[in-house]
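Hi,

Here is the structure I promised to pass on.

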Amino acid sequence: VRGLERADPALRLNDYLQAFEFYLKVPSEFLGRIVFADNSNSDVTALQELADRLGGDKEVHVLSFDGLDHPSSYGRGYGELKLMDRIIDEFEPIAKLPPETIVWKGTGRYKLLNIASMIRRAPEPYDLYCDQRIWPVHWFDMRFFSFSIGGYRRLLRGRYRELREDVVGGTQDPGISISEIELRKILEPKFTEKGVIPRFNTEPLVSGLKSADSSPYITRKSRVKFWMRKTARVLAPGIWV
């Protein structure tokens with residue numbers, strides 16, 4: 001994947017383990033079911049062992065399969081949505097759920113530290129609840145977003161084919177993939193539809209090491225930005241930064 005600096009498998013596995021442990025410890029009233037899905041056909045034994053040890057009363061699934069049967073030039077977003085299509089439509093415990101069932105998607109190496117608050121404050125019902133940004137470019141934040149099963153099938157299923165970075169082209173901003181910019185373009189006409197909420201009402205607090213340069217999300221500077229953005233969501237909700 002272009003722009004991927006944190007590529008060492010051992011380092012990435014450790015990132016996944018730390019994040020997975022965090023989510024396993026989130027109270028089940030917020031996360032009662034967790035699906036960890038890996039498309040690199042890697043050994044996920046350590047993750048399964050962690051789930052067995054800390055899963056408690058949660059329904060936890062750890063999956064790994066060969067889903068990278070496409071060139072890396074297609075980009076990160078292509079692979080992510082293709083992976084999600086497979087889970088939503090082919091993994092029976094998810095595929096059989098009612099269409100109104102709410103799902104939260106998270107990038108596996110990152111912790112959404114305030115996920116309980118974000119779930120509690122989400123303005124349900126909805127088909128898609130996400131965070132669209134306008135700075136430094138117009139983009140769809142694919143790290144974390146939420147949807148109903150039916151909403152995903154209506155709005156996102158099969159869209160990965162339109163995110164091929166070798167086809168759409170463009171210049172990648174550090175930390176923002178071309179596919180995130182392209183997905184924003186695809187979904188923008190849907191922003192006014194009922195059930196499509198293009199902006200979180202809560203500022204996400206993300207912890208982890210960035211894939212582009214292994215720098216941490218949480219720093220002294222980022223904490224200042226977090227509180228500024230959190231305040232702006234309340235006082236100036238039209239500023240999508």
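Predicted model: local features only at pLDDT ≥ 70, side-chain atom pairs only at ≥ 80, totals over all residues.

Let's start with the β-α-β part. Strand 1 covers residues 33–38 and strand 2 covers residues 59–64; the two pair in the parallel sense, with 6 bridges between them. One of the pairings to look up is aspartate 38, whose bridge partner in strand 2 is serine 64. To get from strand 1 to strand 2, the chain goes through helix 2 (residues 45–54), and this β-α-β crossover is right-handed.

Helix 2 also has a neighbour to look at. Helix 1, residues 9–24, packs against helix 2 at an angle of about 20°, and their axes are 10 Å apart. Angles under 35 degrees count as roughly parallel, so helix 1 is roughly parallel to helix 2. The crossing of these two helices is right-handed.

Which residues of helix 1 and helix 2 meet? From helix 1 they are Leu13, Tyr16, Leu17, Phe20, Glu21 and Leu24, and from helix 2 they are Ala46, Leu47, Leu50, Ala51 and Leu54. Sorted by class, this contact has 10 nonpolar residues, no polar ones and 1 charged residue.

Now for the backbone. Most peptide bonds are trans, and most residues other than glycine have a negative phi. Here are some exceptions to look at on your screen.

Two are cis peptide bonds:
- Glutamate 124 to proline 125 is cis, with omega near 0°. Proline 125 sits in the loop between helix 5 (115–121) and strand 5 (128–129).
- Tryptophan 135 and proline 136 are also joined by a cis peptide bond, with omega about 0°. You'll find proline 136 in the loop between strand 6 (132–133) and strand 7 (139–140).

- Asparagine 41 has a phi of about 55°. Asparagine 41 is in the loop between strand 1 and helix 2, which takes you back to the crossover, where the chain runs from strand 1 through helix 2 to strand 2.
- Serine 214 has a phi near 65°, and its place is the loop between strand 10 (206–207) and helix 9 (220–235).

Cheers

Key:
Residues numbered from 1 in each chain as written. Heavy atoms only, no water. Pairing = 2+ DSSP bridges. Helix = DSSP H or I, 4+ residues; strand = E, 2+ residues; numbered from the N terminus. Right-handed = clockwise from strand over helix to strand, strands pointing away. Axes fitted to C-alpha atoms, helices over the stretch in contact; angles between N-to-C directions. Parallel < 35°, antiparallel > 145°, perpendicular 65-115°, else oblique. Left-handed = near helix turned anticlockwise from the far one by under 90°. Contact = heavy atoms within 4.5 Å. Nonpolar A, V, L, I, M, F, W, Y, C, P; charged D, E, K, R; others polar.
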